[in-house]
Amino acid sequence: MKVIKFGGTSLGSPELVQKVSQIVSNIQQEKPGLVVVFSAFSGVTNLLIEAGQKAENGDSSYLQTIHKIITRHLSYIHELFTDTEINQTMTQKLQPLFHQIEEITHGMFLLKEMSPKSLDLLQSFGEQLSCAIIAEYFNYTGINNQLLDTRNLFITDEKYNNARIKFDLTSQRIKNAVSDSKAVYVSTGFIASTEKGTTTTIGRSGSDLTAAIYGAALKAESVEIWTDVTGVMSADPRKVRDAFSLKSISYIEAMEMSHFGAKVIHPLTVQPLMDNDIPCIIKNTFSPDEPGTMITNRPQDPCLAKGVTSIDNIALITLQGSGMIGIEGTASRMFAALARGKINVILISQASSEHSICAAIKPESAETAREYLEEEFAAEIAGKFIERVKIEHNLSIIAIVGEQMQHTPGISGKLFDALAQKNINVVAIAQGSSELNISVVIRKSDEKMALNAVHESFFALQSKIFLFIAGVGLISSELLKQIKDNHRRLLDNKKLNLIVAGLCNSQKMILDSDGIDLNNYREILQSSDLGSDVNRYLEFIHQEKLTHCIFVDCTANEAVSQSYCKFLSAGVSVVAANKQANTRKYEEYQQLQSLSRKNDVQYLYETNAGAGLPIISTIKDLMDSGDKIQKIEAILSGTISYIFNHFTGKKPFSEIVREARELGYTEPDPRDDLNGMDFARKLLLLSREIGQPLEMEDIQLEQIVPDQCMQVNSVEEFFSRLQDYDDYFQEKQKSAAEEGKKLSWIAKYEAKLASITLQSMDKSHPFYSLQGSDNIIALTTDRYPVPLVIKGAGAGAGVTAAGVFADIFKIANTVIMKRNY
């Protein structure tokens with residue numbers, strides 16, 4: 001025998017009743033023998049209560065509410081039964097029930113009273129009506145059944161509205177009534193009666209308990225609860241975007257999750273099933289083929305944690321003072337006082353110093369709790385041994401639940417690390433010795449972000465990284481291509497899902513937490529009506545409660561670079577191809593480094609020095625390992641490298657520069673490269689990276705092109721003037737060649753001095769063999785007296801985008817490691 005139960009949402013329309021009929025038919029055909037428990041049709045119980053309340057208040061519109069109830073049920077009959085004769089018979093069959101509802105509410109109207117006893121009687125008609133219709137419809141569709149009225153089977157005490165079932169009496173009646181193990185029985189849920197035959201109800205969600213009692217009495221093979229969700233969720237899907245249906249959980253886990261607000265099953269439902277070792281399966285009426293969640297004493301799911309849940313609005317009441325330390329009975333007095341005030345305590349936390357005890361309670365009970373506690377401890381408060389009771393509002397509790405967490409090191413660390421990553425402060429902590437759950441009190445405003453962060457930390461099957469990119473120029477376009485081309489590889493090999501959630505140019509912006517289509521992002525951006533403002537990225541991240549976000553700046557825009565502090569302060573990592581932030585005042589550079597450490601996020605800018613070359617990361621690694629850098633020499637300009645590597649004296653200097661421009665090695669105006677400012681910014685950054693607090697004016701920059709060339713009005717005029725100095729450059733090149741040397745413009749840091757000068761190099765110099773437009777850097781350190789040399793392409797959209805991509809992956813890799821921890 002199997003017991004199945006359908007709630008009101010599964011019966012919300014005649015079409016759903018038809019769907020339920022098909023589900024029941026399929027189950028019965030597979031294995032005969034069913035008790036099917038039904039709630040009232042969706043919303044009907046509320047309408048019955050509403051009618052009673054209106055009648056009690058002397059509001060004659062209760063009649064209109066009753067009319068709604070009658071019309072609702074008649075509409076089910078008319079749509080379910082196409083046979084006119086059956087339609088009329090069913091309508092006549094329900095008339096006595098409709099008449100009783102009218103009489104009961106009329107009595108309430110006359111007496112201006114609705115006692116708990118009469119309310120139970122009134123509520124019972126929801127199940128009586130739904131089951132009468134469903135039982136007849138089952139017969140109509142070929143599912144022969146017997147209708148059971150639980151008022152004849154379930155015996156309770158006389159605590160109306162929330163009566164307690166007397167199991168022994170009820171169990172015997174159930175066994176007598178359900179005598180055919182192959183038959184289908186349609187049963188009301190929620191309603192019962194006293195031994196005197198007076199109608200009672202067993203509390204909201206009582207139909208679940210009805211099904212559980214049937215299961216326990218009949219030793220059923222299982223109890224299925226059919227509802228509107230696909231099993232027990234790992235978190236509330238309205239709050240956690242990646243919540244998923246759990247395969248199995250234990251009864252103890254189910255009770256814990258229910259206590260903390262999760263939509264599982266009513267806690268009272270658990271006990272009879274757990275005691276009799278009967279599995280309970282939560283299924284979805286709207287997706288009947290989904291497996292749902294099995295709740296059992298021996299779940300097969302090996303996950304350490306099973307759910308992250310929350311209570312979204314609590315108050316924290318704190319009793320503290322030096323007079324509590326070492327004093328026996330303080331806690332018992334506190335909770336006795338709260339009990340006298342009928343205050344339900346949700347969570348308790350006490351410092352080991354005994355200096356304070358705090359308890360989480362419902363906000364509406366806070367002032368009452370204060371009154372009872374200050375009355376109880378009036379003498380201690382007057383003597384200043386205990387402070388006045390402190391109440392904090394606008395708080396939430398989040399809890400991580402799982403039986404397998406017991407005796408497992410690192411669970412608490414993982415929880416607190418996830419919260420710390422999002423800068424979420426923990427107000428109070430509670431963990432029982434069973435280690436079944438860890439609960440923390442946080443600010444209500446942080447609840448959704450905390451739930452998402454903790455859920456991702458414990459349950460993510462893949463690491464999601466949300467990218468918000470500024471700029472759609474050459475570097476950004478190449479970066480987006482590289483992300484698209486490598487997406488499947490990273491997903492398969494690293495379980496890393498890079499999601500481009502934001503993209504903007506100087507005018508427009510697009511936002512999509514599910515990911516922007518990288519195949520036609522230009523068209524999407526062009527059609528967007530959202531104005532460009534990188535601050536909107538932060539608003540969107542907060543609104544969508546996204547975790548693991550990276551802001552990627554592929555612009556050269558000053559204003560964009562000034563937003564880094566906001567992103568880092570908000571817990572968003574930053575990857576910058578833009579050099580401006582790092583080469584403003586030293587204190588601004590320091591501030592960015594400090595913010596990244598303070599907020600436990602990363603600020604990476606490898607491409608600021610040498611595009612895709614691992615220059616900055618190498619310097620950091622050397623210094624982190626205790627090495628000391630004595631000297632830096634570098635050519636960190638593809639333009640300068642190309643010009644001097646090709647200036648052999650065979651062609652005039654001006655012709656080499658023009659050639660470099662035509663090949664795209666220089667900016668459209670070569671003076672932007674030849675003024676040395678970009679080169680100087682790179683040297684300034686490298687000097688700062690090794691701990692030197694230099695400013696731009698500290699860089700000694702030797703100009704290689706005379707001012708007469710630089711201070712003209714056009715590019716062509718520049719080249720015309722530059723030709724006038726071809727002999728000057730030719731002479732310098734000739735002098736160097738005669739000594740077996742080569743010319744180049746070299747940046748150097750040594751002994752706290754930073755300079756960029758035109759130098760002659762002999763064959764022993766590591767830069768002598770440099771070719772093409774490659775960049776090169778030589779690091780002389782305590783460990784590397786013979787310089788460590790890094791050489792390669794230091795310019796171009798492809799290698800720069802690869803450098804940005806590498807920085808993104810470094811940040812993502814820390815997320816992957818935490819997920820695997």
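**View 1. Strand 18 (463–470) and strand 19 (residues 496–504) are joined in the parallel sense over 8 bridges.** The model is a predicted one, in which local features need pLDDT of at least 70 and side-chain atom pairs count only at pLDDT 80 or more, while totals for chains, interfaces and linings use all residues. Residues are numbered from 1 along each chain as its sequence is written, and side-chain values use heavy atoms, with hydrogens and water left out. Helices (H or I, at least four residues) and strands (E, at least two) are DSSP runs numbered from the N terminus, and two strands are said to pair if DSSP finds at least two bridges between them. Within this pairing, Ser463 stands opposite Leu496 of strand 19. Strand 19 is mostly covered, with 9 of its 9 residues buried, where buried means under 20% relative accessible area, exposed over 50% and partly exposed in between (1.4 Å probe, protein chains only).

**View 2. An open sheet of 6 strands has the order 20-19-18-21-22-23, with mixed pairing.** Its edge strands are strand 20 (509–511) and strand 23 (603–604), each of which pairs on one side only. Strand 19 and strand 20 run antiparallel and are joined by 3 bridges, and Cys504 has Met509 as its bridge partner in strand 20. Helix 15 (residues 474–494) lies across strand 18, strand 19 and strand 21 (549–553), and runs at about 155° to strand 19; axes are lines fitted to C-alpha atoms, for helices over the stretch in contact, and angles run from 0 to 180 degrees between N-to-C directions.

**View 3. Ala460 is placed in the loop between helix 14 (447–459) and strand 18.** Because its relative accessibility is 22%, Ala460 counts as partly exposed. Ala460 and Ala243 are 217 residues apart along the chain, and their C-alpha atoms are separated by 9.5 Å.

**View 4. Strand 5 (residues 184–188) has 5 of its 5 residues buried, so it is largely enclosed by the rest of the structure.** In a regular strand the side chains alternate between the two faces of the sheet. Strand 5 pairs in the parallel sense with strand 2 (residues 34–38) over 5 bridges, and Val36 has Val186 as its bridge partner in strand 5. Strand 3 (residues 145–148) also pairs with strand 5 in the parallel sense, over 4 bridges, and here the bridge partner of Gln146 is Tyr185.

**View 5. Gln128, in helix 5 (residues 116–140), counts as buried because its relative accessibility is 11%.** When residues up to four places away in sequence are not counted, Gln128 touches Leu97, Arg151, Thr188 and Ile191, contact meaning heavy atoms within 4.5 Å. Gln128 and Glu56 are 72 residues apart in sequence and, C-alpha to C-alpha, 23 Å apart in space.

**View 6. Helix 2 (residues 44–56) and helix 4 (residues 84–111) cross at roughly 35°, and their axes come within 7 Å.** The contact is made by Leu48, Ala51, Gly52, Ala55 and Glu56 on helix 2, and by Ile101, Thr105, Met108 and Phe109 on helix 4. These contact residues divide into 6 nonpolar, 2 polar and 1 charged, with Ala, Val, Leu, Ile, Met, Phe, Trp, Tyr, Cys and Pro counted as nonpolar, Asp, Glu, Lys and Arg as charged, and the others, Gly among them, as polar.

**View 7. Helix 24 (residues 653–662) packs against helix 28 (residues 715–723) at an angle of about 150°, with the two axes 8 Å apart.** The two helices are therefore roughly antiparallel to each other; angles under 35 degrees count as roughly parallel, over 145 as roughly antiparallel, 65 to 115 as roughly perpendicular and the rest as oblique. Helix 24 contributes Phe653, Ser654, Val657, Arg658 and Arg661 to the contact, and helix 28 contributes Val715, Glu716, Phe718, Phe719, Leu722 and Gln723. By class, the residues of this contact divide into 6 nonpolar, 2 polar and 3 charged. The buried residues of helix 24 are Phe653, Ser654, Ile656, Val657, Glu659 and Ala660, and they pack against helix 23 (638–646), helix 25 (671–674), helix 28 and helix 29 (726–738). Helix 24 is followed by Gly664, whose phi is positive, near 85°.
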